[in-house]
Amino acid sequence: MNQLFSHRIASTLKSFIKKIFKGAKWYGVEWYLTAFGAFLILSVLVIIIFANKLAPYDPLEFVGKPFLRPGTKGFLFGTDNLGRDVLSRVIFGSKIVMTIAITATLFSAVVGIPLGLISGYFGGKLDRVLSLIMDSVYSFPGLVLAIAMAAMLGPGILNISIAIAVIYIPTYFRMVRGHVLSVKGELYVEAARTLGASDVTILSKYIFPNVIASVAVIFSLNIADAILTEAGLSFLGLGISPPTPDWGLDLSKGKVFLPRGYWWLVTYPGMMISIVALGFTLLGEGLNEILNPRLKES
Amino acid sequence: MTAKKVDEIVKVTNLKKYFEVERDIIQKLSSKTKRYVKAVDGVSFSIKRGEVFGLVGESGSGKTTTGRLIINIIQPTEGEILFDGIDLTTLSKGEMKKIRKRMQVIFQDPYASLNPRMKIGKALIQPLEIHRIGTPGERKDMALRLLEHVGLTPPEIIYTKYPHQLSGGQRQRVVIARALILHPEFVLADEPIAMADVSMRVLLLELMMKLKEEFNLTYLFITHDLATAKYVCDMIAIMYLGKIVEIGKLKDVFKNPLHPYTKALLSAIPIPDPEHKRKIEIPKGEIPNPINPPSGCRFHPRCPYKMDICEKEEPPLKIIDEEHSVACHLFD
């Protein structure tokens with residue numbers, strides 16, 4: 001019974017992998033990039049879901065001597081200055097980073113997309129005011145604004161998420177608004193109006209479905225950016241407070257010991273930040289190439 | 001609301017639509033006068049219940065704008081539009097929605113007039129949902145029956161397709177079905193066959209005429225092609241630069257064209273005979289800029305019969321015969 005089940009899993013996996021390679025025929029190299037990005041993200045998701053099982057120790061407990069080298073028996077990534085297991089901290093750190101990045105991006109999408117829809121569709125004074133606000137937010141360098149917001153709101157997962165979300169609202173707003181402006185002139189929107197459709201119907205059934213495809217791209221790219229911003233905030237001490245495991249925080253704590261040669265305190269969290277950000281960027285860029293093939297020429 | 005139905009389903013009086021010309025900041029500072037494109041400039045006509053009224057003109061003559069004004073997608077600058085005796089320009093949104101059910105549109109471009117992310121079935125059901133007609137089951141039934149009726153078989157399969165999976169001719173049939181599902185009284189057909197393959201055109205026209213009888217429709221048929229108009233219309237109005245230059249019964253206008261412009265258009269219909277010689281030259285040059293239309297009669301720069309008065313005075317629409325009018329100084 002068990003054998004049969006595992007056999008079935010193997011065969012579905014096989015056909016799935018075949019499909020992945022087939023996709024390349026249609027979309028070319030971008031397909032591999034997208035698949036690789038998706039693979040990285042999936043691996044991180046698996047790590048997050050099975051964090052309790054994968055991590056050998058409690059990330060908060062002092063389980064060994066301080067500064068044990070990576071590869072020491074029982075400590076694959078070594079231990080930090082307090083004797084905590086670096087591997088366990090890296091594994092549990094992914095949870096916090098991803099929670100914040102995804103919450104923040106969702107939040108900015110949930111605020112930015114409807115505002116963009118309304119602003120683009122109705123136009124007029126409301127559009128001017130909203131555009132002005134969004135453009136002024138957009139003109140700030142992202143991290144600077146996030147620092148200001150984080151300093152105002154204080155630490156905590158929710159507050160950091162909001163601080164990061166604010167930076168990305170204009171990205172959604174501007175993109176959705178631009179799309180709405182072009183879609184609302186389409187003949188099928190006029191056709192809907194001659195049918196007697198209300199503004200809500202036109203927005204939800206005719207404009208939104210034609211705008212949302214490109215949001216997926218921005219969404220993925222924004223998560224990558226949000227991960228970096230979160231790490232930056234924590235590094236600066238404005239994000240997660242110790243002793244919670246967090247990659248940015250561990251980077252900033254570990255950097256003090258770097259001159260003494262204890263490189264593994266910063267290398268592993270830093271590597272994880274790069275890998276996850278890379279995964280989402282590849283996925284986003286790949287999706288962009290696949291969904292909007294016209295952009296290739298430019 | 002229960003007043004007896006008016007014989008003239010659409011009556012347009014002195015309809016005008018001016019579009020303001022966008023100016024850049026320097027133009028705004030240097031002159032205060034706003035400039036307008038007079039897309040429709042004082043058009044009056046009426047459409048009787050059950051007839052096919054053709055509105056013919058070159059591109060830029062304002063025929064499409066007139067159509068859009070009648071279905072109240074854009075608001076007129078001036079003038080009155082009566083639909084079944086109700087003035088559309090004064091209606092509230094809710095009242096207009098009730099009227100929308102009775103007037104529908106078949107658009108020119110079947111590639112652009114269907115939502116690319118909505119399945120055919122959903123697109124057909126949408127009007128019924130908007131006007132809250134029937135239960136979901138009944139709606140699907142109606143849509144399937146209508147699909148079959150317009151010649152899209154098998155309807156169950158077409159129902160689940162996306163627009164990009166259909167051909168141009170099939171899409172136009174879907175657009176026709178969507179226009180008819182609410183059982184309207186009046187249908188605006190804005191160049192309905194212009195985008196179709198030549199081989200499809202006659203079929204589509206025949207379908208439209210068949211449906212007209214079955215659904216008791218009145219068509220306002222907008223076209224640039226007199227040959228098409230000849231095939232379907234009862235009444236015909238020729239537009240030039242936002243004005244009607246000649247209006248009358250189709251056979252009167254074709255047998256006895258009065259306005260030089262109409263004559264020129266008629267002579268431009270290709271006749272499949274190599275021996276045939278054209279009698280009248282096609283008007284020279286292009287249609288003038290509607291921002292700055294010619295003084296007097298708007299056709300005078302291109303008219304072979306130009307007189308002195310044509311540059312100065314605008315000719316009014318003059319009744320020549322019963323239901324046959326022309327705006328030209330030749331008939332003063």
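**View 1. A:K205 and B:E129 pair up in a salt bridge.** In this predicted model, their closest N and O atoms sit 3.6 Å apart. A salt bridge here is a side-chain nitrogen of Lys or Arg within 4 Å of a carboxyl oxygen of Asp or Glu. By that rule, the interface of chain A and chain B holds three salt bridges.

**View 2. Here is where chain A meets chain B.** On the chain A side 16 residues are in contact (heavy atoms within 4.5 Å) with 25 residues of chain B. The two chains bury about 1800 Å² between them, with 60% of that on carbon and sulfur atoms. Buried area is the accessible area, taken with a 1.4 Å probe, that two parts lose on being put together, summed over both. In chain A, A:L187, A:T194 and A:L195 lose the most area to chain B, together 36% of what that side buries.

**View 3. Chain A has twelve helices and zero strands.** Helices are DSSP runs of H or I with at least four residues, and strands are runs of E with at least two. The C-alpha trace of chain A spans about 75 × 55 × 40 Å along its principal axes. Of the 298 residues in chain A, 45% are buried, meaning under 20% relative accessible area with a 1.4 Å probe, protein chains only.

**A note on reading the views.** Residues are numbered from 1 along each chain as its sequence is written, and chains are lettered from A in the order in which they are written. Local features need pLDDT of at least 70, side-chain atom pairs count only at pLDDT 80 or more, totals for chains, interfaces and linings use all residues, and side-chain values use heavy atoms, leaving out hydrogens and water.

Key: Buried means under 20% relative accessible area, exposed over 50%, partly exposed in between (1.4 Å probe, protein chains only).
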